[in-house]
Amino acid sequence: MRVVLQRVAHARVQVEGETIGEIGEGFLVLLGVAQEDDEAAADRMAEKICKLRIFQDDQGKTNLSLADVGGELLVVSQFTLYADCHKGNRPSFIRAGAPEKADRLYQYFVEQCRRYVPRVEHGSFGADMKVELLNDGPFTLVLEGDGQRIY
C-alpha cells in the first residue's frame, strides 16, 4: 500500500457536486492499493496512520496522535499513486491492484481505521472525485508498506 497523508484543518470530498465525506482537524489519506497487497498490509497501515504522533503538543513538538487531539480521518482511494512514469510520457498503472481487489481492500482499510478513530469518512471508489483541503503545517507524509513494514 502507498499513502499520501496530509495533516489538515479540514477536508472534504465531492462526487458530482455533492459532499460525500467531510472532516475537521485530522488526516486526509490518499490510499493506493498494489497488486500484492492484502489484509495484513491494510491492518499495518491503518494502525501506523492512526497512531502517528504528528500534532503539536503544548511545547510545539509533534508529539500528539489523532486520538490525543480528537482528530478525524478522510480516506480517498487513489490508484494513481502507483503510476510508473519511467518510460515515455504516459504513466503506466500496471502495479495498481485490480479494481475489485483494490475496492475490497480500500473498504477493509476504512473499517480497520474505525477501530482507532471514531470518525472516519471516505470517498467513493472509482468515482470522479473532487477533494478540497486546508493542509495544516503544511505537514505531508508518504508511507509505503508491504504487510511486514511501513517505510
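A search of the whole structure, which is a predicted model, finds three aromatic pairs. Rings of Phe, Tyr and Trp (its six-membered ring) pair if their centres lie within 6.5 Å; planes under 30 degrees apart count as stacked, over 60 as edge-to-face and the rest as tilted. One of the pairs is formed by F79 and F93: their ring centres are 5.0 Å apart and their planes stand at 65°, so this pair is edge-to-face. Both F79 and F93 lie in the loop between β6 (72-77) and α3 (99-113), so the pair ties together parts that are 14 residues apart in sequence. Helices (H or I, at least four residues) and strands (E, at least two) are DSSP runs, numbered from the N terminus. F93 has a relative accessibility of 32% and therefore counts as partly exposed; buried means under 20% relative accessible area, exposed over 50%, and partly exposed in between (1.4 Å probe, protein chains only).

Another pair is that of Y106 and F125, with ring centres 6.0 Å apart and planes at 40°, so it is tilted. Y106 lies in helix α3, and F125 in the loop between β7 (120-122) and β8 (129-144), so this pair ties together parts that are 19 residues apart in sequence. Y106 is buried, at 1% relative accessible area, whereas F125 is partly exposed, at 28%.

Some conventions apply throughout: residues are numbered from 1 along each chain as its sequence is written, and side-chain values use heavy atoms, with hydrogens and water left out. As the model is a predicted one, local features need pLDDT of at least 70 and side-chain atom pairs count only at pLDDT 80 or more, while totals for chains, interfaces and linings use all residues.

Next comes the fold. The protein has three helices and eight strands, and along the sequence they follow the pattern β-β-β-α-β-β-α-β-α-β-β. Its C-alpha trace spans about 50 × 40 × 30 Å along the principal axes. For 151 residues, a compact globule would have a radius of gyration near 15 Å, and the protein agrees with this at 15 Å. That radius is taken over C-alpha atoms, and the globule rule is 2.2 Å times the number of residues to the power 0.38.

Of the 151 residues, 40% count as buried. Among contacts (heavy atoms within 4.5 Å) with a separation of 6 or more, 72% are accounted for by residues 24 or more positions apart. The accessible surface comes to about 8300 Å², and 47% of it belongs to carbon and sulfur atoms. Accessible areas come from the Shrake-Rupley method with a 1.4 Å probe; for residues, only the protein chains shown count as cover.

There are 18 positive and 24 negative side chains, and the centres of the two sets lie 6 Å apart. Lys and Arg count as positive and Asp and Glu as negative, with His and the chain ends not counted; the place of a charge is NZ of Lys, CZ of Arg, CG of Asp or CD of Glu.

Strand β6 contains S77 and L73. S77 is buried, with a relative accessible area of 12%. Leaving out residues up to four places away in sequence, S77 touches L31, Y106, F125, G126 and M129, and two of these, Y106 and F125, form the tilted pair described above. The C-alpha atoms of S77 and D103 are separated by 8.3 Å, although the two residues are 26 apart along the chain. L73 is buried at 0% relative accessibility. With residues up to four places away again left out, its contacts include I23, F27, V29, I49, L66 and C113. L73 and N63 are ten residues apart in sequence and 18 Å apart in space, C-alpha to C-alpha.

In helix α3 lies Q112, which is buried at 12% relative accessibility. Beyond its neighbours within four places in sequence, Q112 is in contact with D43 and A46.

Two backbone details remain. Most residues other than glycine have a negative phi, and most peptide bonds are trans. E16 has a positive phi, near 50°; it lies in the loop between β1 (2-15) and β2 (18-23) and is exposed, at 80% relative accessible area. The peptide bond between G137 and P138 is cis, with omega about -5°, and P138 lies in strand β8.
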